[in-house]
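Subject: Handover of a structure

Dear colleague,

I am pleased to hand over the structure shown below. Please keep it open while reading the notes that follow.

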Amino acid sequence: MFDALVQYGDLLQKAIWETLLMVGITMGVAIIVGGPLGLVLYLTGRGGLMERRWFNEVLGYAVNALRSFPFIILLVILIPVTRFLVGTSIGPRAAAVGLSVAAIPFFARLVEQSLRDVPRGVVDAAISAGASYAQIVRLVLLPEAMPALVSSLTITAISFIAYSAVAGAIGAGGIGDLAIRYGYYRFETEVMIWCVIVMFVLVQLTQWLGSWAARAVDKR
Amino acid sequence: MTARANAAPAIDMRNVSKRFQTEAGPVDALRPTDLTIAPGEIVGLLGFSGAGKSTLLRLMNMLETPTTGVVQVAGADLTSLGEAPLRRQRRKIGMIFQLFNLLSHETALGNVAFALRVAGVGRRERRERAREALKVVGLEDKVDAYPAQLSGGQRQRVAIARALVNEPDVLLCDEATSALDPHTSLSILRFLKRLNAERGTTIVIVTHDIKVADYVCQRCAIMQDGAIREWIDMSDPRPASPLGQFFLETAKGWTDETVLPDGSA
């Protein structure tokens, strides 16, 4: 078992970095694009501060449409876009495009739900104190929802660590790729086992970190 | 007081109504209502759940936008103000709530300072003034406590300090003591009375508890089905409506003979 680790150690190490790169890019895009999208979904939704029923419906359908694609199909459909953006359709950077597109609506819905869980009365109190919408978002909604937002981020990270392994099926690189190419196609069972162990450790670490951070920001 | 009696009303509502659109169709939470409250008055809005009293109160700082009518509070017509002037005007109208509605991620000081922060007051000044406001409500030793570390009564005091830190002309109280035990309620109500006596703050209190209205208010609107049924002078209460009579009986204490407002025994 450890012979395999010695033999394939370098490959495994490279795969870990590739996975971290894919997930890192994905999380970055999820936060930068999915976060504001979730905020807009919340603000324009029913009873929201800037309720826009039609706009919200259309946006909601778009988000759902994106979420209904089987992930592997989404990767294939996006190949032209990926080629345009990254110049190639294989490797971790290319896979990060598909992963990011999948992560945006995923994280957006979690953000929307986290904001919805902020008690409406707290927003009422801010309005009656004379706060503007921008101040309410910045000083009330986001900080009050922070523990839930951190948990949403953790859930997204763990889901997309797993998705990044699926992307291995189309040559993304990373741990999933290694598991398929060596563990599955070449019957190197030990490589497969090591890949699973590494994935397990990554997921555990992410969960620990996420739970710790959520507790740290929670004053309730 | 005499000088104030001639002054413009603190709150003046003309033909104000509120209709909510729900899945089941439109609901008239408040039917067209006129109401005038003089500066320095303490007025109660009394009624059961769903009578429209909270809606009426929330119209007084435009937490709800009226379907019809004009709402003048603290010298400005809220219904004709743009967003920025409305926000400035709201600083003259404090509000406290049944469930306190404090920011859980801010300390007592941070919660009170919030009302100054949104008004653009600098950090040093707002900390100083927030500390002062917390002292007024007797919480000078809880400045750095988070709401989760405070009792219900203490949380409401923080909320009061937040509502008062901008020195409002009007204080709106939405079931402010309904979630508190009797002795805490009494101490909060005493504070409101003192505030009214010392600063002349106009206070509007929504409650379903006649004891609250009886102790604090000078006069009370009895509300039912989205309308004010009658006004009662609390110094000499002579309610004409069955609902008003029921409330008065309740204040004295229920007996086997107490008649319910729908006429049943």
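Strand β3 (residues 42-46) and strand β8 (residues 202-207), both of chain B, run parallel and are joined by five bridges. One of the residues involved is B:Ile42, whose bridge partner in β8(B) is B:Ile203. Please bear in mind that the model is predicted.

These two strands belong to an open sheet of six strands in chain B, ordered β6-β7-β8-β3-β9-β10, with mixed pairing. At its edges are β6 (93-97) and β10 (227-233) of chain B, each of which pairs on one side only. From one strand to the next, the twist averages 20 degrees. As background, strands of a sheet pair through backbone hydrogen bonds, in either a parallel or an antiparallel way.

In soluble globular proteins, nonpolar side chains tend to be buried together. The largest nonpolar core here has 118 residues, and A:Leu141, B:Ile11, B:Met60 and B:Leu134 have the most contacts inside it. Apart from this core lies another, of 19 residues, which include A:Ala15, A:Val23, A:Ala179 and A:Val191.

I turn now to the interface of the two chains. The size of an interface is often given as the accessible area lost when the parts come together. Chain B and chain A bury about 2,000 Å² between them, and 60% of this area is on carbon and sulfur atoms. The contact takes 22 residues from chain B and 19 residues from chain A. Which three residues supply more than any other three of the area that chain B buries against chain A? They are B:His105, B:Phe114 and B:Val118, which supply 26% of that area.

Salt bridges also occur at this interface: the count between chain B and chain A is two. In one of the salt bridges of the model, B:Arg58 meets A:Asp124, with the closest N and O atoms 3.0 Å apart. A:Asp124 also forms a salt bridge with A:Arg120 (3.3 Å, N to O). Both A:Asp124 and A:Arg120 lie in helix α6 (residues 120-128) of chain A, four residues apart, about one turn of the helix. Is A:Asp124 buried or exposed? A:Asp124 is buried, because its relative accessible area of 5% is under the 20% limit. A:Arg120, at 38% relative accessibility, counts as partly exposed.

Over all chains, the count comes to 20 salt bridges. Side chains of opposite charge can pair when their charged atoms come close. Within chain B, B:Arg194 and B:Glu198 form a salt bridge (3.5 Å, N to O). Four residues, about one turn of the helix, separate B:Arg194 from B:Glu198 in helix α7 (residues 182-199) of chain B. B:Arg194 is partly exposed at 42% relative accessible area, whereas B:Glu198 is exposed at 59%.

A further salt bridge joins B:Asp236 to B:Arg238 (2.8 Å, N to O). B:Asp236 counts as partly exposed, at 37% relative accessibility, while B:Arg238 is exposed, with a relative accessible area of 67%. Elsewhere, salt bridges that share partners join A:Arg120, A:Asp124, B:Arg58 and B:Glu64 into one network.

Yours sincerely

Technical notes
Residues numbered from 1 in each chain as written. Chains lettered and ligands numbered in written order. Predicted model: local features only at pLDDT ≥ 70, side-chain atom pairs only at ≥ 80, totals over all residues. Heavy atoms only, no water. Salt bridge = Lys/Arg side-chain N within 4 Å of Asp/Glu carboxyl O. Buried < 20%, exposed > 50% of the residue type's maximum accessible area, 1.4 Å probe, protein only. Core = buried A, V, L, I, M, F, W, Y, C linked by side-chain atoms within 4.5 Å. Pairing = 2+ DSSP bridges. Axes fitted to C-alpha atoms, helices over the stretch in contact; angles between N-to-C directions. Contact = heavy atoms within 4.5 Å. Buried area = accessible area lost by both parts, 1.4 Å probe.
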